[in-house]
Amino acid sequence: MSILGTRVIRTEDPRLLTAGGVYVDDLREPELAGAVRATFVRATVAHALITGIDKSEALAQPGVVAVLTAADMTDLPASEPPGGEVPGPDEPPAEGPVPLGGKWAEPLLAVDRVRFVGEPVAIVLTDSTYQGEDAAELVSVDYDVLPAVTTIDGALTGDSLLFPDTGTNVCVKGGRDISDDSVFDGCDVVVEGDIVNQRVACLPMEGRATAAAFKDGKLTVWASTQNAQLARLIFTAIGLPPDAIRVVAPDVGGGFGAKIGVDREQIVVAWAAKHTGRPVRWVETRNENLMAMTQGRAQLHHIKIGGDRDGKIKAYRLDVIQDAGAFPRMSGFLPMLTNLMAPGVYDIPAVQADYKVVVTNTAPIAAYRGAGRPEAAATIERAVDWFAAAAGLDPAEVRKVNFIKPDQFPFVTKAGAPYDTGEYEAALEKVLGAADYASLRADQQRRREAGETKQLGLGLASYVEITAADGGAGETAKVEVHDDGTATLYTGSSAHGQGHHTAFAMILQSETGIPMDKIEVIHGDTDLVPDGVGTYASRSLQLGGSAVHKAAIEVKEEAARNAAALFEAAEADVVLDADTGTWHIAGDPDKSLTWAQVAEHADGGLIVANVRFTADRPTFPFGTHLSVVEVDTETGKVTLLRHITADDAGPVLNPVLMEGQRHGGIAQGAAQALCEEVLYDADGNPLTSTLADYAAITAAELPSFELLTSETPTPVNPLGVKGIGEAGTIGSTPAVHNAVIDAVSHLGVRHIDMPMTPERVWTAISEAQKASAK
Amino acid sequence: MKVELTVNGKEITADVEDRMLLVHFLRDVADLTATNIGCETTSCGACTVLLDGESVKSCTMLAAQADGQSVTTLEGLAADGHMHAVQEAFHQEHGLQCGFCTPGMVMAIVSLLKENPSPTEAEVRTGLEGNICRCTGYHNIVRAALAAAEAGK
């Protein structure tokens, strides 16, 4: 029987549980002996011209090895705009996940202007961490302060420009024409409004960290990254070819999108190691992390939705403005995905979506768990609830009327997304049944009629998202079977908590019968895995896992040739018993060869398969979340009582890992709905730059989650799987959002922007009461 | 200044800066790197260790304040090659993903169960309010704490 689909607990755990992981700060490699500590001097104002930097006092401090600024970076190659020619604001945008270069380029250290509080201005190298903090405070930077742009509205006025040479704060525009209002003609019910998808912190528990050593012309960098191979390409910016760079991703303490590749500070650390000849280590503080790691979401939406009184939606318009922060790291990629996924799970005959991207004097925005898709789901799911309320229908019924039906797949939406497979209504029905939706509605009605202080809210979100959007880049896998019967599996995918070592070994065991405990999984070292893509976009299992599957099949073909020779039989007559990992001649089970015996016969005592798996199109996981909340109408406090989900990502390889991904995603999504938000004051000073101020969600604010099973395979890859890493986040935010508003809708509240803090909820109730009293 | 600590049963004497934090003493002087620094503001609990059996956050305590006392870190929990019940429960219940918050979480739960050997789910959740995890949504951490409590009966 195959091990796939069974509950296998992780092989990664014992080491992490007894000795702790080995993160960048824990490395005790000999190459890092005597490494100096890097501390960054960061901008203390949001927008200013640098008029002078005085390092002298810092240099006189004990333990200071060097204080380096952009002026010291004279040994760098001239940089090319990474995205090639940069389009002007009125030209078609670059839609790849690349930073805009040219006039919008982000320097490694600030040159003559700073654009957000926390932007790195200088790097201080010292013998110890404490010396670094002391010395960095003594680097004196003179600023000529400029007006800070801290909001989307402020950016659009163009009164203060971050990149004056461009003449605008709008760096990218894209999408389709949304001006044709005739699509709403004949709609009985039309609703219009603004929805904020607020800026949140990615907040991996390990912040950014990098150590680097340069010796004999070769740079070795240990980086907390989601993809060592991409990081290696980025590190070529310091003037070395890829083959002179080794990047190692040791244990990585979470990424959530913010560790795709590496950031400018990490390039500076690598450069400093090469420049000074000393090994350098940098581990950011949480304060730095909350100021200067890329953040997520930060979109403002304007929507219009219209349809019939019986619940059929006929037209939907989404106008997105993306706050890119100070540097357009991802060009138009995030809002482009938001546009692509705009109509969600619904068959809407007319869909209009467009976007523009603006720069502001705030931390740069990049991918965060979902990256562009949660924003789409959050808004269409709010819009459907608005529409249902205006039509006087139950939100569950409106969803059922509008779902794309199973027999419509493959289905290309009016936004252009080619959905592969889906059972949207089945997922909804599962959740409604498990929750006993009718009873919950009855309880809600009872509380409303009794005028109870604590009101019940039910929030639905039926979502679809796109995973492995870059399936064409694929993923690599190499399998080696050794003559002692063990196997080594090299993957270009890069685990940072997901459980790849367990999952990928399960696939290899399932195909070959080589037991998991004889399989070593290696990832995240460019010397050992030079070619790889990495872990992001919920791509690991469907691309990396499919690559392992493909390599396993090829290694079996090679083994079969060797086994046939040993049996002196035809290759076609040789069979593998994958339960026992032994080779036989068909019809003669008594005579067998082990993998060790077969490998021993191979060239060099080794059977190898080295593959890349690519997918010709993305996959579209889906599901429904139902959130049940209690709102205290006197204080505005929200209590999340239950969260019930059916998340369908195809056949489940290991329920333990799949549930873990969903749990984490649900919590992060609920956190955006309830409590988390990155805030700046009017001058661009961050107000949430410590965990004492940023309201990261805790165990005390969450219930246990109720997970239901739903498995609809995709034809896109041999495992039939889709991605699950981000789905929980995408479904849970709108479910919780809708639930809270549902709880107080009978009091006249139509909308509350996220995060729905007690203050916001209380204010919304008070204002609704005031309005109704008039 | 000179400090003398017993760390995981081993006496360590060192001359350290007055301002050295306990977590840096553990990581840099005792060379025990399981204890992680997650926030420096006593908010996230990644640095939780036991000081004379009580959980403390070692990022906001001076090594000097721990002088003469006994510290237990994650590395000191397993005995005779067997994981502690809380470690075993984390393994069985998939209570960890990236592993960064795990040492602090495990130590916090060891301390919690010492104070309250049979907690309810709500008591576990309240008890872990000072420990942040970004991977697990806390679901399986809570399961692990309850399973460890059950195993301890």
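**Notes on the predicted model**

1. Nine bridges connect strand β13 (residues 295-307) of chain A with strand β14 (residues 313-323) of chain A, the two strands running antiparallel. Within this pairing, A:H302 has A:D319 in β14(A) as its bridge partner. Please keep in mind throughout that this is a predicted model.

2. These two strands belong to an open sheet of five strands in chain A, with mixed pairing and the order β7-β15-β14-β13-β8. At its edges stand β7 (170-175) and β8 (189-201) of chain A, each of which has a single partner strand, so one side of each is left without a neighbour in the sheet. Ignoring direction, neighbouring strands of this sheet are turned by 10° against each other on average.

3. Helix α8 (residues 333-340) of chain A lies across β7, β13, β14 and β15 (350-358) of chain A, and its direction makes an angle of about 170° with β15(A).

4. The largest nonpolar core comprises 298 residues, and those with the most contacts inside it are A:V124, A:V280, A:F387, A:L489, A:L508 and A:V740. Helix α9 (residues 373-391) of chain A gives the most to this core, contributing 10 residues. In soluble globular proteins, nonpolar side chains tend to be buried together.

5. Which residues does A:L489 contact, leaving aside its neighbours within four places in sequence? They are A:A477, A:V479, A:F504, A:A505, A:L508, A:I519, A:E520, A:V521 and A:V548.

6. Chain B also has an open sheet of five strands, with mixed pairing and the order β2-β1-β5-β3-β4. Its edges are formed by β2 (10-15) and β4 (54-57) of chain B, each with a single partner strand, so that one side of each is left without a neighbour in the sheet. From one strand to the next, the twist averages 40°.

7. Inside the chain B sheet, strand β1 (residues 2-7) and strand β5 (residues 70-72) run parallel and are joined by two bridges, with B:V7 standing opposite B:V71 in β5(B). Helix α3(B) lies across β3 (48-51) and β4 of chain B, and runs at about 40° to β3(B).

8. The contact between the chains takes 43 residues from chain B and 43 residues from chain A. On the side of chain B that touches chain A, α2 (85-92), α3 (102-115), α4 (121-127) and α5 (139-151) of chain B each supply at least two residues. The residues of that side of chain B divide into 19 nonpolar, 16 polar and eight charged.

Terms used: Residues numbered from 1 in each chain as written. Chains lettered and ligands numbered in written order. Predicted model: local features only at pLDDT ≥ 70, side-chain atom pairs only at ≥ 80, totals over all residues. Contact = placed C-beta atoms within 7 Å. Helix = DSSP H or I, 4+ residues; strand = E, 2+ residues; numbered from the N terminus. Nonpolar A, V, L, I, M, F, W, Y, C, P; charged D, E, K, R; others polar. Pairing = 2+ DSSP bridges. Axes fitted to C-alpha atoms, helices over the stretch in contact; angles between N-to-C directions. Core = buried A, V, L, I, M, F, W, Y, C linked by C-beta atoms within 7 Å. Buried ≥ 20, exposed ≤ 12 C-beta atoms within 10 Å, placed from the backbone.
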